[in-house]
Amino acid sequence: MKFRVIRSIMIAGLMMGSIDNAPAAEPEEPASGCLQCHQGIESIRQSGSGMMEAILEEGENRDDPAGCVVCHGGDPTATEKDAAHGGNDFYSDPGSSWVNKNTCGTCHRAHVRVQQHSLMMTEAGKIQGTAWAFGAMTGYKHKWGNYDVVNPGKLSSRLGTDAYRNYMEQLAILDHKDPAKRNVFVQQHEALPKAPELDEVAEHPEQAAFTYLRNQCLRCHHAVKGRQERGDYRGMGCSSCHVPYGNEGLYEGGDESIPRDQPGHMLVHTIQGTRDAKVKVHGHEYSGIPVETCTTCHDRGKRIGVSFQGLMETSYESPYTEDGSHQPALHTKHYIAMHQDIHYQKGMTCQDCHTSIDVHGDGFLAAANLAAVEIECSDCHGTPESYPWELPLGYMDEFAMSPKTGSPRGTAKELGSHVRDGMKYAAKDGYLLSARGNPLTNAVRSGKQVLVHTAGGKDLTLEPLKLIAEQKALSLAGLVAMKSVRGHVSKMECYTCHASWTPQCYGCHVKIDYSGGRESFDWLAAGHQHEQPECRADRGETDYDTKYGAKIPGTVHEERSFLRFEEPALGVNGEGRVTPVAPGCQVAATIIGGDGKPIKLNHIFRTTPNSEGSGPEGQLSLDMSPLHPHTITKDARGCESCHASTKALGYGIGGGKLVRPWDKRVVVDLETADGHVLPESARTQMAPIEGLTDDWTRFVSEDGKQLQTVGHHFRLSRPLNNQERAHIDRRGVCLSCHQEIPDRSLAVSLMHHVAKYTGQIPETTEEHGDLLHYKILLLSAWMQVGLAAGVPLVFTLAALYYWRRRRRRNA
């Protein structure tokens with residue numbers, strides 16, 4: 001009875017803090033020493049929720065009715081900080097990957113079990129991509145991850161439905177058919193090798209990739225807290241996503257014991273997650289995981305997080321802020337405001353499309369994004385010919401060059417066991433299924449419509465494409481693109497047309513400088529340090545470089561050649577579908593040795609011999625990456641942006657002819673008319689990049705020679721082939737008519753003069769369209785039909801006439 005009274009007091013006190021972030025009323029007899037210091041702290045979950053009740057009940061079992069020790073451990077009876085926080089069983093960040101089996105994992109066992117195999121932990125695609133850029137160090141194999149990890153031995157260990165497990169097994173078998181390009185669905189990863197010492201770099205300069213990875217690329221995996229810069233503050237493990245951090249990293253809750261002016265703290269002490277997990281900040285309640293939580297990490301590489309928000313990286317620090325200072329750096333970058341993804345505009349966050357398996361993993365290794373993500377646009381939107389539930393499993397996820405066929409996937413009445421602890425919505429006519437066979441927890445069929453329940457609290461009604469088509473509500477452009485030219489739907493990703501813009505960062509100039517005893521932080525070494533018993537409970541990596549030697553020789557600096565955002569080029573992705581492509585790792589490496597002299601200068605490494613359309617010399621290890629830009633708009637890109645674009649075909653901006661060859665030295669100073677530079681003091685303005693004879697934007701030639709790699713992770717990834725480019729290319733089609741206008745043909749000249757003097761020459765796009773549609777296409781079509789039908793008819797009538805006439809004569 002005593003515990004029940006105390007628990008009621010504690011709930012009231014905790015909830016007062018969470019409602020308005022003001023200090024909560026202190027209980028008369030605090031049952032936990034924690035709250036003597038942390039008065040006013042927010043409840044980790046709202047009162048009455050199943051999770052909070054479970055925490056309080058377990059807290060009673062541990063002699064802490066407030067439940068603090070269930071997550072944080074420690075001694076709840078102590079009144080001194082050192083005693084309360086003492087020992088190896090106190091966890092300042094209970095979500096950390098190194099301790100969460102003792103905290104989050106006591107209830108969420110499955111999700112904690114699979115975390116080591118998730119792409120957010122292994123970062124295997126990022127590692128392999130960088131190794132590829134430095135000379136294809138492991139070929140096509142995804143050999144390395146952040147840590148040693150091996151797949152479970154049993155298929156039943158994979159999270160998801162039986163249909164999903166079987167589907168993934170078939171994908172793995174398909175992936176392993178080509179030994180030269182296998183190992184996306186790998187069986188194991190080895191831990192990434194250590195960063196090189198100075199003598200090793202001189203002998204093996206490609207190993208500078210390990211320095212680059214460890215200092216820059218690997219700071220985002222869940223096993224570390226990561227870089228403490230504006231926009232990058234987060235927790236570890238489960239806390240990376242489920243604990244809110246503001247961009248400034250400041251605590252703004254009701255606990256007066258937490259400093260308000262020291263960055264690196266959570267915004268409030270409340271878990272964010274699904275719709276039923278309510279969080280209050282300054283009196284405003286929200287639910288779901290805000291997009292900015294995801295962009296803490298998803299702001300470089302493909303930049304899908306910031307792109308979804310409508311932020312495009314720029315080299316400039318304008319416009320100036322209210323006090324006249326530069327735009328503040330966010331994720332250490334600056335941005336311009338762009339079109340936001342339509343899903344973002346509708347109030348959807350990342351988790352409203354991406355499933356639990358997409359983000360947590362399923363317990364088996366998948367070494368690249370396309371392999372790990374189970375959803376497709378058609379899972380909710382269907383096609384103009386089929387509702388989502390009428391499509392077969394695997395549609396738009398084929399990993400083959402032909403669209404998937406088979407029996408309708410239908411819907412599900414129950415959710416998978418791995419998601420039953422989250423928010424559950426009424427099934428109505430069934431939960432929609434992902435392309436790989438798992439029920440979507442928040443998307444249900446309701447008649448011919450789809451209801452999407454967002455984590456933020458909205459219930460959106462979606463009309464699938466087939467319903468829009470049945471209502472004859474498709475726009476003319478949509479009707480032509482999806483029904484008249486059906487190859488668009490059967491051979492392309494939806495976002496190939498519907499992405500409004502794509503961040504394109506051409507030329508990644510990486511300088512790795514080992515001179516003068518330079519050193520930098522090693523994020524992966526910091527992660528391995530957390531494996532040690534004395535460090536597993538640390539809430540970050542402060543002083544790990546000096547205290548534990550989590551530092552490596554060399555510093556890293558990055559520059560770009562130029563940025564673009566408009567109308568990306570096209571290629572083929574691993575699923576066998578035409579997709580946007582943008583620069584992935586287009587690395588030109590400058591490596592400075594310990595003596596200050598360049599070991600490599602603006603150097604582009606090459607891939608293995610005879611790979612990626614190359615010969616014995618190998619291909620330039622510049623990679624154009626197939627991607628989903630996450631900038632979706634209802635209004636698709638125009639026909640001419642692909643069919644009349646050299647860039648779209650892979651020939652480069654302006655056919656790759658606007659920029660001079662990058663392998664030539666450029667000197668700018670006083671010179672004569674014949675190009676002789678006069679001053680002896682003239683300096684090199686732009687040093688040559690050996691081997692880069694074409695522009696960064698050009699990755700295939702007009703005769704089909706591949707000039708860069710395109711999405712090397714998957715067997716089917718490549719540039720458009722000769723047949724595909726010829727099928728798409730409609731450049732110069734205007735000349736087909738205008739080569740005869742106005743007076744090169746007697747008939748055309750006559751028509752032109754009549755049109756001129758009667759005011760019928762088209763001057764607008766609409767008038768031009770009417771001319772082509774009615775007077776040229778339809779008129780010529782009916783004339784040809786009439787001719788095709790009339791000529792045989794005339795011959796038939798003539799034959800009948802002569803036959804009858806001859807018959808009369810014979811009579």
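Of the 811 residues of the protein chain, 49% count as buried. Buried means under 20% relative accessible area, exposed means over 50%, and partly exposed lies in between (1.4 Å probe, protein chains only). This is a predicted model, in which local features need pLDDT of at least 70 and side-chain atom pairs count only at pLDDT 80 or more, while totals for chains, interfaces and linings use all residues. Residues are numbered from 1 along each chain as its sequence is written, and side-chain values use heavy atoms, with hydrogens and water left out.

Start with the whole chain. Its C-alpha atoms fill a box of roughly 125 × 80 × 60 Å, taken along the principal axes. The accessible surface comes to about 39,500 Å². Carbon and sulfur atoms hold 55% of that surface. Such areas come from the Shrake-Rupley method with a 1.4 Å probe; for residues, only the protein chains shown count as cover. The secondary structure comprises 31 helices and 23 strands. Helices (H or I, at least four residues) and strands (E, at least two) are DSSP runs, numbered from the N terminus.

Now look at contacts, meaning heavy atoms within 4.5 Å. Take those in the chain with a separation of 6 or more: 64% of them link residues 24 or more positions apart.

Next come the sheets. Two strands pair if DSSP finds at least two bridges between them. Strand β2 runs antiparallel to β3 (residues 188–191), and 2 bridges join them. Across this pair, valine 150 stands opposite glutamine 188 in β3.

Another open sheet has 4 strands in the order β16-β17-β20-β23, and its pairing is mixed too. Here the edge strands are β16 (569–572) and β23 (709–710), each pairing on one side only. Inside the sheet, β17 (residues 578–583) and β20 (residues 623–626) run antiparallel, joined by 3 bridges. The bridge partner of valine 581 in β20 is proline 626.

Stay with strand β23, where threonine 709 lies. Is threonine 709 buried or exposed? Threonine 709 is buried, because its relative accessible area is 0%. Leave aside neighbours within four places in sequence, and threonine 709 is in contact with residues including Trp132, Thr607, Asp623 and Met624.

Move to helix α14 (residues 304–309), which holds glutamine 309. Glutamine 309 has a relative accessible area of 10%, so this residue is buried. Not counting residues up to four places away in sequence, glutamine 309 touches Val291, Glu292, Thr295, Gln340 and Tyr344. A polar contact of 2.7 Å joins its side chain to that of glutamate 292. A polar contact is a pair of N or O atoms within 3.5 Å; within protein, one must be able to donate a hydrogen and the other to accept it, and residues adjacent in sequence count only if both atoms are side-chain atoms.

Finish at helix α31 (residues 765–810), where leucine 778 is found. Leucine 778 counts as partly exposed because its relative accessibility is 33%. Arginine 805 also has its place in helix α31. With a relative accessible area of 35%, arginine 805 is partly exposed. How far apart in space are arginine 805 and threonine 79? They are 123 Å apart, C-alpha to C-alpha, and 726 residues apart in sequence.
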